[in-house]
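Subject: Structure for your review

Dear colleague,

My notes on what was found in it follow directly after.

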Amino acid sequence: MSRLSGHQPINRRRAILSLGGVVLGASLGYVGGNALALGGKGDKQTYPAAPDMPADATVHKETLTAIGQSRQLVPAPAPATNILGYTDGPTIIRLRHGEWLEATLNNRLQEHTTIHWHGIRLPNAMDGVPYLTQAPVMPGDSFTYRFQPPDTGTFFFHPHCNTVEQLGHGLAGILIVEGDEERPHDHDLVCVYRDWRVDKDGKYQPMMTDAGASKAGTFGDHRTINDQVQPVFKVPSGGDIRVRFLNVDMSRVVDLGVVGADAWVIATDGNPLPPQKLKSWRLGPAMRADLTLRMPKEAGTRIQLVNYYSAQPIVMAELEADGTPLDKPAFEPAALKPAAIPEPQIDGAETFTLRLSASSAPAQLPPDLVLPDGSTLRYADALCLSPKTFWAFNGQPWPSASHEVLPPPLVTFKRGKTAVIEIINQTPHIHPIHVHGHTFKVFQSSKGDVIPHWADTTIVAPKERVKIAFVADNPGDWMIHCHIIEHQETGMMGIFRVA
Ligand code: C2O
Ligand code: CU
């Protein structure tokens with residue numbers, strides 16, 4: 001069995017179809033197809049131009065092959081689980097600030113994919129949104145991303161179409177841009193949180209249910225850090241530890257805490273924050289927090305990373321003091337180097353209001369296409385549109401237009417000017433709202449004082465109004481959406497334009 005064909009990630013009937021001379025790798029329900037052949041935008045779309053890489057750039061090259069793999073998620077005797085991952089490259093890419101990343105995506109899936117570099121302020125052409133910033137990368141095809149991350153920090157990357165299935169089966173990687181520490185840590189620990197939708201036999205449950213998608217999301221029942229349940233990480237006794245905590249789950253909220261040591265939050269979504277003593281820090285899907293802490297000196301002592309977003313706090317992972325204790329002066333949390341993000345000028349800026357609501361409007365989709373073999377193909381899925389609609393921005397669910405054109409932008413921000421978005425949550429559920437291409441400052445909430453902080457994703461609680469601001473300095477059409485992926489894929493998604 002080759003690696004190419006051995007993978008059956010999605011529990012639906014698959015077929016290789018030939019339609020109008022174009023070979024499609026299709027599954028019943030969605031397709032990695034050629035949209036042009038299906039009457040969609042496809043190749044007619046003009047996409048933004050890729051940035052030029054200077055000849056003297058320092059380049060970090062990676063090959064990221066999206067492919068089915070097998071991983072022992074649930075301990076034996078349960079069988080291994082088929083997951084999707086990026087091989088031929090580390091799951092964690094570490095760059096030095098100033099380096100360019102040249103990452104070639106090879107698509108060995110049976111459907112199209114792309115890579116979205118979540119939280120990176122990069123040129124529009126590199127943002128990885130199929131049909132908006134680039135053509136989807138078809139099965140067997142490749143695409144090379146080239147960009148120079150302007151900011152240091154803890155980021156991640158993931159596909160941006162049929163994300164429920166692709167990300168739900170594990171397709172994501174971590175991108176760390178180093179160079180933000182004034183005082184180095186003794187150990188740098190990456191903790192990737194996700195709750196797999198697998199049962200105790202390692203078998204997938206449906207990634208998305210109507211009941212979940214229309215409420216708080218569909219939840220897994222196999223919470224992991226770095227794919228392990230409650231792992232224990234050995235770190236230097238008495239050492240200064242940086243914990244980069246990433247919530248890459250599609251629906252779970254984490255209230256991150258540390259038991260057994262004092263810890264400070266030093267970055268939010270990768271962006272420096274003056275150290276804040278940690279009690280508990282709320283992280284919705286896609287959100288990150290970097291912590292700094294000093295380990296106890298006595299070897300064998302453990303401290304816990306816990307999740308308080310639950311009736312009983314849940315231990316997610318443990319850190320165990322290991323080896324001869326390091327002899328260091330008393331611990332003071334050190335701030336990271338300040339961010340180099342343009343500071344928004346909130347006074348006098350225009351405010352755009354974004355209302356989050358439920359939607360009962362049916363998505364305006366063309367009927368399914370019946371293929372020669374009698375199977376049906378949804379136009380909607382081929383174009384990354386939602387098959388169902390439960391959510392809306394300002395009363396408009398995605399898609400708001402027919403499949404021929406992308407919906408018009410919700411708003412156009414003047415390039416170079418400060419944009420303020422007031423997000424109003426009119427639903428009974430939490431929504432982590434993510435803005436592409438820009439890092440924003442969260443500066444106001446109707447629920448009380450917020451610690452102003454930089455972010456690319458921010459949680460808006462039921463009945464809450466949150467104000468965010470950023471300098472709209474990155475031209476192009478960008479996505480804004482909820483990062484509970486089921487909400488995103490059932491309407492809570494839109495485009496904003498910077499021009
Ligand atoms: Cu992490 Cu548009 O997504
Ligand atoms: Cu949501």
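**A buried aspartate in a loop**

Asp-269 has a relative accessibility of 2%, so this residue counts as buried. Please keep in mind throughout that the model is predicted. Asp-269 sits in the loop that links strand 17 (263–268) to strand 18 (271–277). Although Asp-269 is not a glycine, its phi is positive, at about 50°. As background, most residues other than glycine have a negative phi, and most peptide bonds are trans.

**Two further loops and a cis bond**

Asn-162 is found in the loop between strand 10 and helix 1 (163–168). With a relative accessibility of 15%, Asn-162 counts as buried because the cut-off is under 20%.

The exception among peptide bonds concerns Ala-76 and Pro-77, which are joined by a cis bond with an omega of about 15°. Pro-77 belongs to the loop between strand 4 (59–71) and strand 5 (81–87).

**The sheet that holds strands 17 and 18**

The two strands on either side of Asp-269 take part in an open sheet of 6 strands, in the order 13-12-15-20-17-18 and with mixed pairing. Its edges are strand 13 (222–225) and strand 18, each of which pairs on one side only. From one strand to the next, the twist averages 20°. Within this sheet, strand 17 pairs with strand 20 (residues 288–294) in the antiparallel sense, over 5 bridges. One residue to look for here is Trp-264, whose bridge partner in strand 20 is Thr-292. In general, strands of a sheet pair through backbone hydrogen bonds, either parallel or antiparallel.

Another open sheet has 4 strands in the order 6-11-10-8, and its pairing is mixed. Strand 6 (92–96) and strand 8 (116–118) form the edges, each pairing on one side only. On average, neighbouring strands of this sheet are turned by 25° against each other, with direction ignored. Strand 8 and strand 10 (residues 153–158) are antiparallel and share 3 bridges. Trp-117 faces Phe-157 of strand 10 across this pairing.

**Strand 30 and its partners**

Is strand 30 mostly covered or mostly open? Of the 6 residues in strand 30 (residues 440–445), 5 are buried, so the strand is mostly covered by the definition of under 20% relative accessible area. Strand 30 pairs with strand 31 (residues 453–455) in the antiparallel sense over 3 bridges, and Phe-440 has Ala-455 of strand 31 as its bridge partner. Strand 30 also runs antiparallel to strand 33 (residues 465–471), to which 4 bridges join it. There, Lys-441 is the bridge partner of Ala-469.

The loop between strand 33 and strand 34 contains Asn-474. This residue is buried, with a relative accessible area of 12%. Leaving aside residues up to four places away in sequence, Asn-474 touches Arg-121, Leu-122, Pro-123, Gly-437, His-438 and Val-498.

**The copper site**

Which residues coordinate the copper ion (ligand 2)? The donors are His-431 (ND1), Cys-482 (SG) and His-487 (ND1), at 2.0 to 2.1 Å. Along the chain, these donors follow the spacing H-x50-C-x4-H. Because His-431 lies in strand 29 (residues 431–435) and Cys-482 in strand 34 (residues 476–482), the pair ties together parts that are 51 residues apart in sequence. Both His-431 and Cys-482 are buried.

**The chain as a whole**

The protein chain has 4 helices and 35 strands. Of its 499 residues, 59% count as buried. The chain exposes about 19600 Å², of which carbon and sulfur atoms supply 51%. Among contacts with a separation of 6 or more, 75% are between residues 24 or more positions apart.

The mean pLDDT of the protein chain is 87, and 84% of its residues reach 70 or more. Residues 1–44, however, have a pLDDT below 50, and this stretch has 105 contacts in the model beyond near neighbours in sequence. Where pLDDT is low, the predicted coordinates should not be read in detail.

With kind regards

Terms used: Residues numbered from 1 in each chain as written. Chains lettered and ligands numbered in written order. Predicted model: local features only at pLDDT ≥ 70, side-chain atom pairs only at ≥ 80, totals over all residues. Heavy atoms only, no water. Pairing = 2+ DSSP bridges. Axes fitted to C-alpha atoms, helices over the stretch in contact; angles between N-to-C directions. Buried < 20%, exposed > 50% of the residue type's maximum accessible area, 1.4 Å probe, protein only. Donors = N, O, S within 2.8 Å, 3.2 Å for Na, K, Ca; no water. pLDDT = per-residue confidence, 0-100. Contact = heavy atoms within 4.5 Å. Areas by Shrake-Rupley, 256 points an atom, 1.4 Å probe, with all protein chains shown as cover.
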